[in-house]
Amino acid sequence: MVKALVARSAGADLAVEEIELPRPEPGEVRVRIAAAGVCHSDLSMINGTVRPKFPLVLGHEAAGVVIETGSEVRRVAEGDHVVINWSPACGECAFCQHGEPWLCVTMEGVTSRPRGTLADGTPTHVTLGVGALAEEVVVGEGALVTVSPELPMADAALLGCAVLTGVGAVHNTARVRQGESVAVIGLGGVGLSAVAGAQLAGAERIVAVDISADKEELARTCGATDFLISNPELPQVVHSLTDGLGVNHTFECVGRSDTIRAAWQSTRRGGTCVVVGMGSRDDKISFSALELFHFARTLTSSVYGSADPDRDIPGIASAVLSGSLNLDAIVTHQISLSDVPAAFDRMRHGEGGRSIVLF
Ligand code: APR
Ligand code: ZN
Ligand code: ZN
């Protein structure tokens, strides 16, 4: 039995429960979790934004050590330090074959079956096929990326979601180049990672935006050159900071129609507006036909940083180890499993950066 953070239903109180995980099947691996981040997508599982199956072990952003391998496991060995990739690619579907592993269609199958049982024998689902807010997980070996033991586990955990998502949106989706200007709206773990990624890409102007003044210092430490409190005049202010042009690239890291609209209007002619936040199906947004035509702006989304995790997680890990990507400002709270509800409260109020559970 291992301890895990379980939601019995949407809106129900969370509880640390004992769960029984299955033994690794062929190709599967048991990982002892060392660090797991509290990501907004975990909150989205229980607040009605998405509709997962319950009971549900929360968590999907984590790193740990391999403690048991099933038969036919080739990629990892006992003792390896690994980052969990919650979107392992099958390598065979049309999207994988097209070089877009982040769009792999097998995810739905992974998340639809239970994995493990609660103490009363009820089968439990695990978030995104992982369920990392737990002492251990059992996942397919394709969900593991080996990293250097020198990489601190808290940083390694972030690489599994927030950092891959934020840095990937900047480097892979928008392909930000040296000297360009960028605006990032929403400065949680994902948005702060986008800011740090923009600095790494050599962006000259990095405008960071949030509703919470708390975020200014964190954003500036990650590389922001300007900080703005979100307001209805945001696009005009962004234009005024950029010679009336708007920024080359905007990254919406909240998941709301009004911030997507603000991001779009802050994007210059020919620029790219990237929706990184996961919004709800009921939050509608409309564009006139003319404004979508004017002026060759791209509106796109970035799922899991448009990344190939097997290539990009090691790449980002090297950047962290060499000091060129600084994640120090992102983690503001090191907590235990029972403190996760308080971390969700901070998230609801826009307080602090990432909370990380250390086991
Ligand atoms: N304008 C600007 N910022 C806002 C607004 C707003 N209207 N509303 C909320 N924010 C800020 C919050 O203050 C917070 O700093 O957005 C940030 C969101 O951060 P987190 O809740 O920590 O979320 P994070 O884990 O970074 O994920 C961001 O990406 O992957 C998706 O599902 C995820 O939609 C979520 C988004
Ligand atoms: Zn996440
Ligand atoms: Zn695939």
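How are the donor residues of the zinc ion (ligand 3) spaced in sequence? They follow the pattern C-x2-C-x2-C-x7-C. The views below show a predicted model, in which local features need pLDDT of at least 70 and side-chain atom pairs count only at pLDDT 80 or more, while totals for chains, interfaces and linings use all residues. Residues are numbered from 1 along each chain as its sequence is written, chains are lettered from A and ligands numbered from 1 in the order in which they are written, and side-chain values use heavy atoms, with hydrogens and water left out.

**View 1. Four cysteines hold the zinc ion (ligand 3).** The SG atoms of Cys90, Cys93, Cys96 and Cys104 coordinate the ion at 2.3 to 2.4 Å (donors are N, O and S atoms within 2.8 Å of the metal, or 3.2 Å for Na, K and Ca). Their angles of 103 to 116° make the arrangement tetrahedral (four donors, all angles between 85 and 135 degrees).

**View 2. Trp86 and Tyr304 form a stacked pair.** The structure holds two aromatic pairs (ring centres of Phe, Tyr or the six-membered ring of Trp within 6.5 Å; stacked under 30 degrees, edge-to-face over 60, the rest tilted). Here the centres are 4.0 Å apart and the planes at 25°.

**View 3. Trp264 meets Phe287 edge-to-face.** Their ring centres lie 5.4 Å apart, with the planes at 75°.

**View 4. Two arginines sit over rings.** Arg269 lies over the face of Phe295, 3.8 Å from the ring centre, and the charged end of Arg297 is 4.2 Å from the ring centre of Trp264 (CZ of Arg or NZ of Lys within 6 Å of the centre and within 35 degrees of the ring normal).

Key
Four donors count as tetrahedral if all angles lie between 85 and 135 degrees; four count as square planar and six as octahedral if opposite donors are over 155 degrees apart and all others between 65 and 115; anything else is irregular.
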